[in-house]
Amino acid sequence: EELSGVETLRNDFISNVSHEIKTPLAVIKNYAAMLKRSDITEEERIEYAGIIEQSSARLSNLITNILKLNKLENQQIFP
């Protein structure tokens, strides 16, 4: 029963992390594509680049937190 609960938590975690990774990646992809357009203003280019930077930072922070969580989990398993 406990293993089933752990497996459910693990599946939920993976699902949530997948969503949290896909969202900034989609933003980065879409705004990068918009930057390629020739009909946008310099102001829009700066705005889009800022959004890409923010999404990249969000993604980087998420990955850092996942690695920290993994390290903590390993420390609990192997004290």
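Is S55 buried or exposed, going by its relative accessible area?

Modeller: Happy to. A word on the ground rules: this is a predicted model, in which local features need pLDDT of at least 70, side-chain atom pairs count only at pLDDT 80 or more, and totals for chains, interfaces and linings use all residues. Residues are numbered from 1 along each chain as its sequence is written, and side-chain values use heavy atoms, with hydrogens and water left out.

S55 is buried, its relative accessible area being 10%. Here buried means under 20% relative accessible area, exposed means over 50%, and partly exposed covers what lies in between, with a 1.4 Å probe and protein chains only. S55 sits in helix α2. Setting aside residues up to four places away in sequence, S55 touches P24, V27 and I28, where a contact means heavy atoms within 4.5 Å. Take V27 from that list: 28 residues separate V27 and S55 along the chain, yet their C-alpha atoms are 6.9 Å apart.

R58 forms a salt bridge with E20, with 2.9 Å between the closest N and O atoms; the rule asks for a side-chain nitrogen of Lys or Arg within 4 Å of a carboxyl oxygen of Asp or Glu. R58 belongs to helix α2 (residues 42-77) and E20 to helix α1, so this pair ties together parts that are 38 residues apart in sequence. Both partners are partly exposed: R58 has 40% relative accessibility, and E20 has a relative accessible area of 32%.

By this rule there are two salt bridges in the count. The other pairs the side chains of D39 and R37, again at 2.9 Å from N to O. D39 is exposed at 54% relative accessible area, whereas R37, at 41%, is partly exposed.

Helix α2 also holds I63, which is partly exposed with a relative accessible area of 40%. I63 and K22 lie 41 residues apart in sequence, with 12 Å between their C-alpha atoms.

On the surface, F13, I14 and L69 make up a nonpolar patch with about 270 Å² of accessible area together. Patches are built from residues with over 30% relative accessible area and no salt bridge, joining like charges within 9 Å and nonpolar side chains (Val, Leu, Ile, Met, Phe, Trp, Tyr) within 5 Å. The areas come from the Shrake-Rupley method with a 1.4 Å probe, and for residues only the protein chains shown count as cover.

Now for the wider setting. The protein chain has two helices and zero strands; helices (H or I, at least four residues) and strands (E, at least two) are DSSP runs numbered from the N terminus. Its radius of gyration is 18 Å, well over the 12 Å that the globule rule gives for 79 residues, so the chain is more spread out than a compact globule. That radius is taken over C-alpha atoms, and the rule is 2.2 Å times the number of residues to the power 0.38. The C-alpha trace spans about 60 × 25 × 10 Å along its principal axes. Buried residues make up 13% of the 79 in the chain. Among contacts with a separation of 6 or more, 57% are between residues 24 or more positions apart.
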